[in-house]
2 protein chains.
Amino acid sequence: MMETRISNANQEVIIGGGRPTVLIGERINPTGRKKLAETMRSGDLDAVRRDAVAQVKAGAAVIDVNAGVPGVNEVELFPKVVQVVMEAVDVPLSLDSPNPEALTAALKVYKGKPLINSVTGEESSMQTVLPLAKEYGAAVVALLQGDGGIAPDPEGRVAVARKLIDRADSIGIPIEDLVFDCMAMTLGADHKAATVTLETMRRLRDEYGVNLVLGASNVSFGLPDRDTINNIFIVLTIEAGATCLITNASLVRSSVLATDLVLGRDEYAARYISGYRKRIKEHESNQVA
Amino acid sequence: MMETRISNANQEVIIGGGRPTVLIGERINPTGRKKLAETMRSGDLDAVRRDAVAQVKAGAAVIDVNAGVPGVNEVELFPKVVQVVMEAVDVPLSLDSPNPEALTAALKVYKGKPLINSVTGEESSMQTVLPLAKEYGAAVVALLQGDGGIAPDPEGRVAVARKLIDRADSIGIPIEDLVFDCMAMTLGADHKAATVTLETMRRLRDEYGVNLVLGASNVSFGLPDRDTINNIFIVLTIEAGATCLITNASLVRSSVLATDLVLGRDEYAARYISGYRKRIKEHESNQVA
């Protein structure tokens, strides 16, 4: 099993190699969060700071940072937000933007080896994002979406992964710096949507041993009680090879700890029990406050 | 994938064959339920009746019945309890007793094809329980525990399964009438305990296509927040091949519906959505009451 290493100025986080699942906290994203978008637009980054601290407290080992606020110049805002999060928490960051100029501006201020979120298998994306990852020595989330869209079957998605691996290799990015997202579509539209994702994950794990990530909340879109579906899907993705998750850490932390435990990755149940004690303690201090 | 059929006087329940997970409600068991044991000892079977109805309402398609009350003659009590449950709910029963005389007495009053819970791979158990299953045409839960105890590895457990399959075959019990329990030990004592179970399940599923059941609550013994661990383990056992679960239906119902959905066994998410609506309705009627 491969190891993907990312870092900030002070520490390294290793994804994979049989380690427990790494949570990449995804709350710093104005998409669908109106209030956060408004404060970010006004230049007030206090909420960003608080969210970053809360995600790390909830168990996130990496923070995903997105500054795509409609009507705001992302090239200016993104590096500022990255700077604020770097100062607020001592963990590596995932730089989340589809805008190559904004990414470049963030990569320039970032200290350490970040995760870029994301490249796709589309020609234009590979041509812009992979050279950036190479230049700044970053790892990168690779979405299995090609010029023909998202393949409906595992074969098609694995073919896109192969293309990404080859292209990365051709410009000197090692395979262990790619973390693949096998794309979860909603079960509301197709009841086989999740099994295609899980099967793609197993194939990539077994054939390449690469690290796999998932943004898991799409899967429940349009269905009731989405948290239950998301949590169950997360359990199954970890079994199928996900070594990290881009997600709200506080919503999934206890499921993920229990999954690592059941899958034999938590000797003496040490992480599970310590996570449980922490939760009890927080609950008690919330009741006092 | 094999189909195991059990029935009561009016209807058949089919386990396996790609169908959604069958819940076998396990609340009718005085072990560890002091109050229930007391009422059963006094001959009051109202609580039994209520529990059976509640389990079916919570989604159990089969009810497990155990009448092992210390100090009470099980040979007399067991058929009475079975009779009461047969009258209370219109679903097949799992007859749960280690006592061959009590089992025989229950089999005599039972109407339909029950599930016997259980035979083990121990010589004495195979010699008493398998002929009973044959004589009464019952299906039977087969625990993968041999004369040497519970094997620490999948190879050892699969060997016990093979022995049980051969022995059953030799007296005319077809393989589809065996439902295997791959034995979950506690993670508190050994952090690889669950992975051994899951690996055994996958091998039996892939090699024999047999139906698999699990009594899943052992796995969390001695650990905090047992419900979280049990629910996660259940998700993973279903992925590994469990087609039915002996469990408290009301505790696991929504996890199991979501797991079936994510694993592509619920077209149009119909069962998931209807389960959700039922839960909301119950919640509302509880608030009114």
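## About the model

This is a predicted model, in which local features need pLDDT of at least 70, side-chain atom pairs count only at pLDDT 80 or more, and totals for chains, interfaces and linings use all residues. Residues are numbered from 1 along each chain as its sequence is written, chains are lettered from A in the order in which they are written, and side-chain values use heavy atoms, without hydrogens and water.

## Chain A on its own

Chain A holds 10 helices and 10 strands (DSSP runs numbered from the N terminus: H or I of at least four residues for helices, E of at least two for strands). Its C-alpha trace spans about 55 × 45 × 40 Å along the principal axes.

## How the two chains meet

Let's turn to the interface. Chain A and chain B each bring 33 residues to the contact (heavy atoms within 4.5 Å). Between them they bury about 2800 Å², 74% of it on carbon and sulfur atoms (accessible area, 1.4 Å probe, that two parts lose on being put together, summed over both). On the chain A side, His191(A), Ile232(A) and Val262(A) lose the most area to chain B, together 22% of what that side buries.

Four salt bridges are counted between the chains (a side-chain nitrogen of Lys or Arg within 4 Å of a carboxyl oxygen of Asp or Glu). One of them pairs Arg202(B) with Glu239(A), at 2.9 Å from N to O. Helices α7 (193-208), α8 (226-240), α9 (249-262) and α10 (270-288) of chain A each supply at least two residues of the side that touches chain B. The largest share, seven residues, comes from α8(A).

## Symmetry

Chain A superposes on chain B by a rotation of 180° with 0.0 Å of shift along its axis (RMSD 0.0 Å), by least squares on C-alpha atoms of residues with pLDDT of at least 70 in both. That is the relation of a two-fold axis. The same surface serves both copies, as 100% of the contact residues of chain A recur in chain B.

## Backbone details

Most residues other than glycine have a negative phi, and most peptide bonds are trans. Here, the bond from Asn117(A) to Ser118(A) is cis, with omega near 20°, and Ser118(A) lies in strand β6 (residues 115-121) of chain A. In chain B, a cis peptide bond joins Asn117(B) and Ser118(B), with omega about 20°.

Met183(B), a residue other than glycine, has a positive phi near 65°. Met183(B) sits in the loop between β8 (178-181) and α7 (193-208) of chain B.
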